Protein chains: 2
Amino acid sequence: MGQSIDNLFLESLPQPYRSTFRSRLEEFSLPAGTVLYEAEQVPRYAFFITSGLASKMVSMADGRSSEIGLTSSEGVVPCYHLLGGEPTGPARCVVQTRVKAFRMPFVELLKEVERSEPLRLLVMKCAQRRSMILSQLTACNRLHDAEERLARWLLTAHDLSGTTSIMLNQGLLADILGARRTTVTLAAGALRRRKLISYRRGQIEILDYAKLKAAACECYATVRNLFQNFYG
Amino acid sequence: MGQSIDNLFLESLPQPYRSTFRSRLEEFSLPAGTVLYEAEQVPRYAFFITSGLASKMVSMADGRSSEIGLTSSEGVVPCYHLLGGEPTGPARCVVQTRVKAFRMPFVELLKEVERSEPLRLLVMKCAQRRSMILSQLTACNRLHDAEERLARWLLTAHDLSGTTSIMLNQGLLADILGARRTTVTLAAGALRRRKLISYRRGQIEILDYAKLKAAACECYATVRNLFQNFYG
DNA sequence: ACATATCTGTCTGATAGCGAACATAAAAAT
DNA sequence: ATTTTTATGTTCGCTATCAGACAGATATGT
């Protein structure tokens with residue numbers, strides 16, 4: 001392999017294309033709050049995250065918002081913008097916990113996707129997976145309550161980031177879950193009382209993975225399978 | 001044009017490919033309730049709808065469900081199943097109001113998408129649009145109440161089907177909106193009292209398009225733009 | 001015309017989450 | 001050490017929706 005990359009999209013590219021492609025990327029470290037792309041705007045860069053978490057968010061006119069996808073090192077950001085239509089969308093993407101990522105100008109990647117078949121095949125598969133996840137979460141957002149969704153989110157965040165400790169306060173979690181901050185406080189408090197998690201001032205720890213999974217809605221397992229069955 | 005097709009996907013294929021492709025399709029009429037594909041299963045056929053409405057639905061273990069997408073003559077069904085990954089997903093697709101559609105064995109279309117560039121480009125764009133819509137509806141399902149969502153759904157159904165009258169009872173509407181039937185009764189009753197719609201036993205009429213739009217959430221306009229700005 | 005099935009309306013109590021305000025606690029800044 | 005900022009906890013009244021039951025209305029079949 002030579003160099004370690006730690007982004008599953010890049011690692012899935014066939015050699016020798018992978019190395020050529022890799023040489024065109026620069027690695028950056030991006031703090032929480034960094035906007036990777038804005039809603040209704042053509043992204044400036046595409047990112048191949050190697051660590052950390054970023055959320056795709058949709059905001060409404062009244063300022064309320066909901067996460068529509070959580071992403072880390074499993075793919076490319078943005079994803080469906082690369083499918084050949086208008087490269088914009090209703091969502092914006094924000095770094096939640098400091099991200100390390102390889103970066104490439106978006107239009108450059110767009111052209112490369114047209115040119116390179118292995119790249120295009122991978123982009124299509126990533127977009128398909130995102131759609132599947134989005135499908136499940138659309139129903140989840142409608143049918144499941146705050147505590148179940150919080151448990152699901154924490155488990156997914158854990159799986160994606162590979163850490164048991166997640167740096168995120170309840171206010172941001174409320175935006176993500178599309179709920180009030182007080183609702184998150186209550187849900188998180190309930191999980192803490194049952195000793196499934198612990199937290200203090202923006203640092204959340206998963207204490208009991210199995211029980212937390214039982215407290216989460218079925219959507220967690222569904223989405224997890226979609227991530228796991230993806231690469232080989 | 002020669003033959004009238006009335007499916008925007010087919011009509012967007014470049015000639016002479018379109019005619020060749022068209023000759024491989026058979027047209028069918030499918031009653032309400034017909035399942036176009038099942039969750040977690042490889043579709044048997046792909047459909048190019050020319051009239052009528054079909055819903056992509058995600059159901060949970062407890063039997064509750066939510067629509068994740070409404071489709072008619074604007075594209076191909078299924079859509080993201082054609083992107084090259086596992087051709088399944090968490091949703092199933094059901095005919096809501098009798099559909100007329102051209103049909104083709106799914107695996108045959110899958111091969112054709114690999115072979116034919118114009119077909120592939122169109123599939124990718126359709127999948128992208130579906131993702132954009134899905135993104136908006138994911139947040140909508142979390143943030144907007146039943147009456148707003150009902151108004152949005154009726155308007156979208158009207159736009160897609162081209163009829164002011166929609167044949168659908170409140171029970172099915174409840175499944176679609178991911179709510180109880182009584183909640184739909186209340187929401188529909190409120191819209192009727194304000195003379196935005198009328199209905200009786202499964203037949204809903206839009207009386208005042210402008211006011212109904214004002215009663216719907218912003219997601220209606222967002223999704224409508226995504227449909228409109230798509231072909232040319 | 002009648003019986004039957006289906007759809008719609010309404011009522012009940014229970015609950016989750018909203019929206020807003022304020023109190024407390026912990027970190028950060030000086 | 002003290003102040004300031006930020007995060008969390010708590011309370012309250014209110015609304016939407018759930019969950020279940022049942023009555024009434026309107027098609028449909030015979």
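Guide: Two strands pair if DSSP finds at least two bridges between them. Keep that in mind here. This model is predicted.

Visitor: Which strand of chain A is the bridge partner of S55(A) in?

Guide: S55(A) has its bridge partner in β5(A), and that partner is V94(A). The strands behind this bridge are β3 (residues 45-59) and β5(A), which pair over eleven bridges in the antiparallel sense.

Visitor: Which residue in β5(A) is the bridge partner of V35(A)?

Guide: V94(A) in β5(A) is the partner of V35(A). V94(A) is also the partner of S55(A). The strand β2 (residues 35-37) of chain A pairs with β5(A) over two bridges, again antiparallel.

Visitor: How many bridges join β1 to β5 in chain A?

Guide: Five bridges join β1 (residues 26-30) to β5 (residues 92-105), and the two strands run antiparallel. Along this pairing, L30(A) stands opposite V99(A).

Visitor: Now the two chains. By what turn and shift can chain A be laid on chain B?

Guide: A turn of 180° with a shift of 0.0 Å along the axis does it, at an RMSD of 0.0 Å. The two copies are therefore related as by a two-fold rotation axis. In chain A, T138(A) has the C-alpha nearest that axis, 2.1 Å from it.

Visitor: Why do the copies meet through the same surface?

Guide: Because 100% of the interface residues of chain A are also interface residues in chain B.

Visitor: Last, helix packing. At what angle do the axes of α5 and α7 of chain B cross?

Guide: Two packed helices are described by the angle between their axes and the distance between the axes. In chain B, the axes of α5 (residues 146-161) and α7 (residues 181-193) cross at roughly 70° and come within 9 Å. That makes α5(B) roughly perpendicular to α7(B).

Visitor: Which residues of α5(B) meet α7(B)?

Guide: They are A146(B), E147(B), L150(B) and A151(B). Across from them in α7(B) are T183(B), V184(B), A187(B), A188(B), A190(B) and L191(B). The residues of this contact divide into eight nonpolar, one polar and one charged.

Key
Residues numbered from 1 in each chain as written. Chains lettered and ligands numbered in written order. Predicted model: local features only at pLDDT ≥ 70, side-chain atom pairs only at ≥ 80, totals over all residues. Least-squares fit on C-alpha atoms with pLDDT ≥ 70 in both. Contact = placed C-beta atoms within 7 Å. Helix = DSSP H or I, 4+ residues; strand = E, 2+ residues; numbered from the N terminus. Axes fitted to C-alpha atoms, helices over the stretch in contact; angles between N-to-C directions. Parallel < 35°, antiparallel > 145°, perpendicular 65-115°, else oblique. Nonpolar A, V, L, I, M, F, W, Y, C, P; charged D, E, K, R; others polar.
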